[in-house]
Amino acid sequence: MNQPILTATGVTKEYRNGALPVRVLNGIEFSVDAGAVATIVGASGAGKSTLLHILGTLDRPTSGAVCYCDENVYAASDARRAELRNRTLGFVFQFYHLMPELTAIENILLPSLIARAADGAARLWARELLDAIGLADRGTHFPNQLSGGEQQRIAIARALMNRPRIVFADEPTGNLDSANSAGIIRLLLDLQQRYGYTLVIVTHDMDIAAFGTCRWRLADGILNASTTAAN
Ligand SMILES: Nc1ncnc2c1ncn2[C@@H]1O[C@H](COP(=O)(O)OP(=O)(O)O)[C@@H](O)[C@H]1O
Ligand SMILES: [Mg+2]
């Protein structure tokens, strides 16, 4: 169990705004064991989304390496990275990003449609996920007929559709009130226990960061392990 599933070494990221490069990440060292819950806390603008995108194969680092189970993902082909993203990684974002013209159950099924694997078993699994997120009676609703918290539950089920080994969540409660926020975090943690994925959450919220089994703090482009719940 104590095997790192994901590591980052010497990761830097510079954005070029006009002539001046802006260095957002300045030598990130990160590792998460399979089955762990990693939380990364940092102020707005600290580079949390940038880091999460790089860990999740959504954006390239300027330098450094990200390895999934010893495979250097930025040395791999675009096709291999796309496969990893679709088959092995799941994503939950602050603003849900559901397809407005698809129903709840169709949104959950979308990753299997992209993987060309939306067979009867996939449909049953999508139903099971709809049940697991507590929305069994909302499958035919469209996103604009669902509350923010319900839309985020659908987004979580969609992230789990292809049975990812790692789920990345970027400020998953950033758009929700406190009662809904608590419910979403509880759901991510309950489903993590049930399905055994590795969870990586980035947040500015200390209370959410405290749920991590390993906790990190991002500041000044550097990631530091945070040893106490209060940190
Ligand atoms: N595509 C981009 N081009 C230029 N600068 C960017 C880009 N994305 C993010 N930044 C800058 O990088 C810094 C970190 O952004 P971000 O990773 O979104 O932080 P956080 O998620 O912690 O709020 C910010 O100063 C932001 O303006
Ligand atoms: Mg962000």
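Which residues does Asn175 touch, not counting residues up to four places away in sequence? They are Gln94, Phe95 and Tyr96. This comes from a predicted model. With Tyr96 there is also a polar contact: the two side chains meet at 3.3 Å. Asn175 sits in the loop between β7 (166-170) and α6 (178-195). Its relative accessible area is 39%, so Asn175 counts as partly exposed.

Now step back to the whole protein. The secondary structure comes to 7 helices and 10 strands. The radius of gyration is 17 Å, close to the 17 Å that the globule rule gives for 231 residues, so the protein is as compact as a globular protein of that length. Along the principal axes, the C-alpha atoms fill a box of roughly 50 × 45 × 40 Å. Buried residues make up 51% of the 231 residues. Contacts also reach along the chain. Take those between residues at least 6 apart in sequence: 71% of them join residues at least 24 apart.

Next, the empty space. Rolling a probe the size of a water molecule over the atoms shows where such space is left. The largest pocket holds about 300 Å³. Its lining has 14 residues. Asn86, Phe91, Pro111, Ile114 and Arg158 lie nearest the centre of this pocket. Four elements each supply at least two residues of the lining: α2 (78-87), β6 (89-92), α3 (104-114) and α5 (148-160). By class, the lining has 9 nonpolar, 3 polar and 2 charged residues.

Asn175 and Asn86 are 89 residues apart in sequence. In space, their C-alpha atoms are 25 Å apart.

A search of the whole structure finds 2 cavities of 30 Å³ or more. The second largest cavity has a volume of about 30 Å³. Leu6, Leu55, Thr57, Val66, Tyr68, Val73, Leu84 and Leu89 line this cavity. By class, that lining has 7 nonpolar residues, 1 polar residue and no charged ones.

Thr57 lies in the loop between α1 and β4 (63-68). Its relative accessibility is 4%, under the 20% cut-off, so Thr57 counts as buried. Then there is the backbone. Most residues other than glycine have a negative phi. Thr57 has a positive phi, near 70°.

Arg163 has a positive phi too, about 50°, although it is not a glycine. Arg163 is found in the loop between α5 and β7. Is Arg163 buried or exposed? At 55% relative accessibility, Arg163 counts as exposed.

Finish in helix α1 (residues 48-55), which contains Thr50. Thr50 is buried, with a relative accessible area of 11%. What does Thr50 contact, leaving aside its neighbours within four places in sequence? The partners are Lys13, Tyr15, Val24 and Leu25. With Tyr15, the side chain of Thr50 makes a polar contact of 3.1 Å.

Technical notes: Residues numbered from 1 in each chain as written. Chains lettered and ligands numbered in written order. Predicted model: local features only at pLDDT ≥ 70, side-chain atom pairs only at ≥ 80, totals over all residues. Heavy atoms only, no water. 1 Å grid on protein atoms, 1.4 Å probe; cavity = no way out; pocket = protein on both sides within 12 Å on 5 of 7 lines; lining within 4 Å. Points joined across faces, edges and corners; volume = space filled by probe spheres on them. Nonpolar A, V, L, I, M, F, W, Y, C, P; charged D, E, K, R; others polar. Buried < 20%, exposed > 50% of the residue type's maximum accessible area, 1.4 Å probe, protein only. Polar contact = N/O pair within 3.5 Å; in protein donor to acceptor, adjacent residues only side chain to side chain. Contact = heavy atoms within 4.5 Å. Rg over C-alpha atoms; globule rule 2.2 N^0.38 Å.
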